[in-house]
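Okay, thanks everyone, I'll keep this short. Have a look at the structure first, and then I'll walk you through the strands, the helices and a few charged pairs.

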Amino acid sequence: MTTDSPISAINQEFLFRLLAQAAPSGFERRAADVWLHEARTFADRTHEDHYGNVYAELGPEGAPAIILTGHLDEIGLMVSHIGDKGFLHVLPLGGWDPQVLVGQRVRVLAPGGDLIGVIGKKAIHVMDDEDRKKASRLEDLWIDLDLTADEARAQIPVGTVAVIEQPTVTVGQKIVSRALDNRVGSFVVLEALRALKGQDLKHRVVAVGTSQEEIGSYGSKTATYRVKPVAGVAVDVTHETEQPGVKPEKYGVVPFGSGANLTVGAMVSPVILRQMKEAADQDGIPYSVTASPRLTFTDADTMILSGAGVPSAVVSIPNRYMHSPNEMVDARDVKACIDIIAAWVRRLEAEGSFLR
């Protein structure tokens, strides 16, 4: 990697450590530990809660809080049954397209230590004509660990979780990995907090690596209630729109290299959106805008409705091949998301209003 690579503009070592962790929804401990370890190198305060959220803070303890959330969890699988031949049958933990599971390797987080297996499916040679025409269903797939039924049942309790086993790599100028949705968002909020270190902050700024977004944004709900912020930003991924089949009429124009993607919609705070645009224009930070008329389908949806309501915005990283083993992002866009959040927080006044 050359020094002028866009990947060198971000803390690649930290991001890759985060992505290396297996941390499906409800089982975020491994990623949370990496996130907290990094936070403790610069944050004024760090803590965690019983629901799996991890927190890092800068700024005066008694000041009004600004919350920045990015979820740590990834989609996964949960063992529901072990058959008489030792094959594991699984249920989805988050939103899977079963087609992307076929032929993949998986890491099973067994209590006695991780086990590597493969996703099995009937080979095309033994399918009849009707089978060949059908899309794969999760109930037609299984995990093969080369264990007998007795061995599998002894080592793998029902409820054990698994994730796709794929290393993080760079492809050209892009980062490719499973779990970029949304481990990269948790990375962005902590790096935005790091960028604010040493600034004269008027608020208590709280970055949170949240849990269980992929099954309902539950961690964000409990974290926001705990922090009681006056405003917030959720960071997630959005669909990059130059990949085949993604319609700009629906998803906007969000190519790689376009910077931070800002959501405009009924639930999103128009005040924060305007402030972010102004900060980006003044600092030369690239951004695009996407319409989301109702829900944003991010942690912001539960943040906005927490308590008496929290004015919130959504900042997203363009992502190709979402919910697959090979999600792809551009480090330039990741950097723009870090920059736009930090630029917005720096400009906030202590008594600023977020009234619409």
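So, let's start with K202: it's partly exposed, with a relative accessible area of 36%. One thing to keep in mind, this is a predicted model. K202 makes a salt bridge with D200, and their closest N and O atoms are 3.7 Å apart. D200 itself is exposed, at 63% relative accessibility.

Now another pair, R332 and D330. Their side chains meet in a salt bridge at 2.6 Å, N to O. Is D330 buried or exposed? It's buried, with a relative accessible area of 0%, while R332 is partly exposed at 45%.

There's also a network of salt bridges linking E13, R17, E38, E191 and R194. Searching the whole structure gives 23 salt bridges.

Okay, on to the sheet. It's open, has eight strands with mixed pairing, and the order goes β1-β2-β12-β3-β13-β16-β14-β15. On average, neighbouring strands are turned by 25° against each other, ignoring direction.

Zooming in, β3 (residues 65–71) and β12 (residues 204–210) run parallel and are joined by seven bridges. In that pairing, I66 is opposite V205 in β12.

And the helices? Helix α2 (residues 29–39) packs on the sheet and touches β1, β2 and β12, with its direction at about 15° to that of β2. Helix α10 (residues 331–347) lies across β3, β12, β13, β14, β15 and β16, and runs at about 165° to β16.

Definitions and conventions: Residues numbered from 1 in each chain as written. Predicted model: local features only at pLDDT ≥ 70, side-chain atom pairs only at ≥ 80, totals over all residues. Heavy atoms only, no water. Pairing = 2+ DSSP bridges. Helix = DSSP H or I, 4+ residues; strand = E, 2+ residues; numbered from the N terminus. Axes fitted to C-alpha atoms, helices over the stretch in contact; angles between N-to-C directions. Contact = heavy atoms within 4.5 Å. Salt bridge = Lys/Arg side-chain N within 4 Å of Asp/Glu carboxyl O. Buried < 20%, exposed > 50% of the residue type's maximum accessible area, 1.4 Å probe, protein only.
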